[in-house]
Amino acid sequence: RVFALTYAATVEADVEPLVVAIKRALLVTEDHDLVVVEFEEGSVSIHADSDTADGDEVIEVDGDAAMSIRFNGSYLLQALNAVSTERVALGLSGPGKQVRLDPIGDDSVALIVMPRKGSA
């Protein structure tokens, strides 16, 4: 059940810009490394889940999704660092639900990242 076969949306993105954006957001997180990942048509915005921190990193993606998900940024970063390809497909089940990471060009592995409780 965790590795769902269908998703509400799927987006494809370059791994390196995602890693850099998450690292920047982690620099200013206050509450247990929480980062907010907001998917919109053609882009994803990553920022710290903080009342005092400001700023977003916006990255272009291929795909159309409209949802916001909170993650433990350290866990999300570890999963992306385990991806051995330059691009990754993110299978989005919905706000508050698991995200599947599929390295594009490597069918031998898939990763699941669980969000933090609730949505952003």
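Helix H1 has its buried residues covered by several elements, including strand S1 (9-14), strand S2 (34-40), strand S3 (43-48), strand S4 (57-60), H2 and S6. The model is a predicted one. The buried residues of H1 are Val-15, Leu-18, Val-19, Ala-21, Ile-22, Ala-25 and Leu-26. They sit on the same side of H1, because their arc around the axis is only 165 degrees. The spacing fits a general rule. An α-helix has 3.6 residues a turn, so residues three or four places apart point the same way.

The length of H1 can be checked too. H1 runs over residues 15-26, which makes 12 residues. At 1.5 Å a residue they should span 16 Å, and the end C-alpha atoms are 17 Å apart, so the two values agree.

Now turn to H2. Its buried residues are Gly-73, Leu-76, Leu-77, Ala-79 and Leu-80. Their arc around the axis is only 160 degrees, so they lie on the same side of H2. Tyr-75, Gln-78 and Asn-81 are exposed on the other side of H2. What do the buried residues of H2 pack against? Their partners are H1, S2, strand S5 (67-72), S6, strand S7 (99-103) and strand S8 (111-113).

Val-15, Leu-18, Val-19 and Ile-22 are among the buried residues of H1. Leu-80 also belongs to the largest nonpolar core, which has 33 residues. Those with the most contacts inside this core are Phe-39, Ile-46, Leu-80, Leu-90, Leu-92 and Leu-101. H1 gives the most to the core, with seven residues.

The start of H2 is capped. Asn-72 caps the N-terminal end, with a side-chain oxygen 2.9 Å from the backbone nitrogen of Ser-74. The side chain of Ser-74 has a partner as well: a polar contact of 2.9 Å joins it to the side chain of Asp-33. Where is Asp-33 found? Asp-33 is in the loop between H1 and S2. With a relative accessible area of 28%, Asp-33 is partly exposed. Leaving aside neighbours within four places in sequence, Asp-33 is in contact with Leu-26, Phe-71, Asn-72, Gly-73 and Ser-74. Asp-33 and Leu-77 are 44 residues apart in sequence, yet their C-alpha atoms are 11 Å apart in space.

Charged pairs come next. The count of salt bridges is five. One of them joins Glu-12 and Arg-87, with the closest N and O atoms 3.8 Å apart. Glu-12 lies in strand S1 and Arg-87 in strand S6, so the pair ties together parts that are 75 residues apart in sequence. Arg-87 also meets Asp-14 in a salt bridge, at 2.8 Å from N to O. Asp-14 lies in strand S1 as well, so this pair ties together parts that are 73 residues apart in sequence.

Arg-87, at 24%, is partly exposed. Asp-14, at 36%, is partly exposed. A network of salt bridges links Glu-12, Asp-14, Asp-62 and Arg-87.

Arg-24 pairs with Glu-57, the closest N and O atoms being 3.0 Å apart. This pair links distant parts of the chain, with Arg-24 in helix H1 and Glu-57 in strand S4, 33 residues apart. Arg-24 is partly exposed at 46% relative accessibility. Glu-57 is partly exposed at 25%.

Arg-87 leads on to Thr-85. The side chain of Thr-85 reaches the backbone oxygen of Arg-87 at 2.7 Å. Thr-85 is in the loop between helix H2 (73-81) and strand S6 (87-92). Beyond neighbours within four places in sequence, Thr-85 is in contact with Val-15, Pro-103, Ile-104 and Asp-106.

Technical notes:
Residues numbered from 1 in each chain as written. Predicted model: local features only at pLDDT ≥ 70, side-chain atom pairs only at ≥ 80, totals over all residues. Heavy atoms only, no water. Helix = DSSP H or I, 4+ residues; strand = E, 2+ residues; numbered from the N terminus. Polar contact = N/O pair within 3.5 Å; in protein donor to acceptor, adjacent residues only side chain to side chain. Contact = heavy atoms within 4.5 Å. Expected span 1.5 Å × (residues − 1). Buried < 20%, exposed > 50% of the residue type's maximum accessible area, 1.4 Å probe, protein only. Arc of directions from axis to C-beta. Salt bridge = Lys/Arg side-chain N within 4 Å of Asp/Glu carboxyl O. Core = buried A, V, L, I, M, F, W, Y, C linked by side-chain atoms within 4.5 Å.
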